[in-house]
Amino acid sequence: MNECPIPEAALLDDSAVEMLRVWITEGDLHCSMKVGRYAEVMDITEESVWGTILADVARTLSKALHVGYACDPAETLAKIGDAFFEGLFAPLTEGSGGFVQHH
């Protein structure tokens, strides 16, 4: 498996929690997510938390593309946002699969 490295901060923090993994395999996207963590223990909605997580991922990706490929971070973030909203409201695929709940 061609996994991404675990961030050093996560390795050093015993309370670190992996929230999302994403693979592209068999011609499709497959995810593993920790859904319900905040709704079960805090007075924060899952929608709010996941919106923040996805926004943080987008900002981090724009910074990584700036460092690795000299892309303009603001322009990159705008392009990511455009593709995100297009994917939300006009997806290229319908998606398939199911949801398995583990506690």
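This is a predicted model: local features need pLDDT of at least 70, side-chain atom pairs count only at pLDDT 80 or more; totals for chains, interfaces and linings use all residues.
**View 1. Glu3, Glu18 and Arg21 are joined in a network of salt bridges.** With Glu18, the side chain of Arg21 makes a salt bridge with 2.7 Å from N to O. With Glu3, Arg21 makes another salt bridge, and here the closest N and O atoms are 3.6 Å apart. That pair ties together distant parts of the chain: Arg21 belongs to strand 1, while Glu3 sits in the segment before helix 1 (8-12), 18 residues away.

**View 2. Asp56 and Arg59 pair up within helix 3.** Here the side chains of Asp56 and Arg59 meet in a salt bridge, with an N to O distance of 2.1 Å. Because the two residues are 3 apart in helix 3, about one helical turn separates Asp56 from Arg59. Asp56 has 35% relative accessibility and so is partly exposed. Arg59 is partly exposed as well, with a relative accessible area of 39%. For bookkeeping, the salt bridges in the model come to 4.

**View 3. Twelve side chains aside, what makes up the nonpolar surface patch?** Its members are Leu20, Val22, Ile24, Leu29, Met33, Val35, Leu54, Phe84, Phe85, Leu88, Phe89 and Phe99, and together they make a patch of about 1,200 Å². Strand 1 (20-25), strand 2 (28-33) and helix 4 (73-89) are the elements that give two or more residues to the patch. Helix 4 gives the most, with 4 residues. Leu54 is another member of the patch, and it lies in helix 3 (residues 46-69). With 39% relative accessibility, Leu54 counts as partly exposed.

**View 4. Helix 3 packs against helix 4.** The angle between helix 3 and helix 4 is about 135°, and their axes are 9 Å apart. The two helices are therefore oblique to each other. As for handedness, the crossing of helix 3 and helix 4 is right-handed. Now look at Gly81, which is found in helix 4. The C-alpha atoms of Gly81 and Ala55 are separated by 9.0 Å, with the two residues 26 apart along the chain. Is Gly81 buried, exposed or partly exposed? At 22% relative accessibility, Gly81 counts as partly exposed.

**View 5. Glu26 has a positive phi without being a glycine.** The phi of Glu26 is about 50°. Where does Glu26 sit? Its place is in the loop between strand 1 and strand 2. Glu26 has 75% relative accessibility, so it counts as exposed.

**View 6. Ala70 is a non-glycine residue with a positive phi.** For Ala70, phi is about 60°. The residue is found in the loop between helix 3 and helix 4. At 67% relative accessibility, Ala70 counts as exposed.

View 7. If you read along the sequence, the pattern goes α-β-β-α-α-α. Taken along the principal axes, the C-alpha atoms fill a box of roughly 40 × 40 × 35 Å. What share of the 103 residues is buried? Buried residues make up 9% of the chain.

Definitions and conventions
Residues are numbered from 1 along each chain as its sequence is written. Side-chain values use heavy atoms; hydrogens and water are left out. Patches are made of residues with over 30% relative accessible area and no salt bridge: like charges are joined within 9 Å, nonpolar side chains (Val, Leu, Ile, Met, Phe, Trp, Tyr) within 5 Å. Accessible areas come from the Shrake-Rupley method with a 1.4 Å probe; for residues, only the protein chains shown count as cover. Buried means under 20% relative accessible area, exposed over 50%, partly exposed in between (1.4 Å probe, protein chains only). Axes are lines fitted to C-alpha atoms, for helices over the stretch in contact, and angles run from 0 to 180 degrees between N-to-C directions. Angles under 35 degrees count as roughly parallel, over 145 as roughly antiparallel, 65 to 115 as roughly perpendicular and the rest as oblique. A crossing is left-handed if the near helix is turned anticlockwise from the far one by less than a right angle, and right-handed if clockwise.
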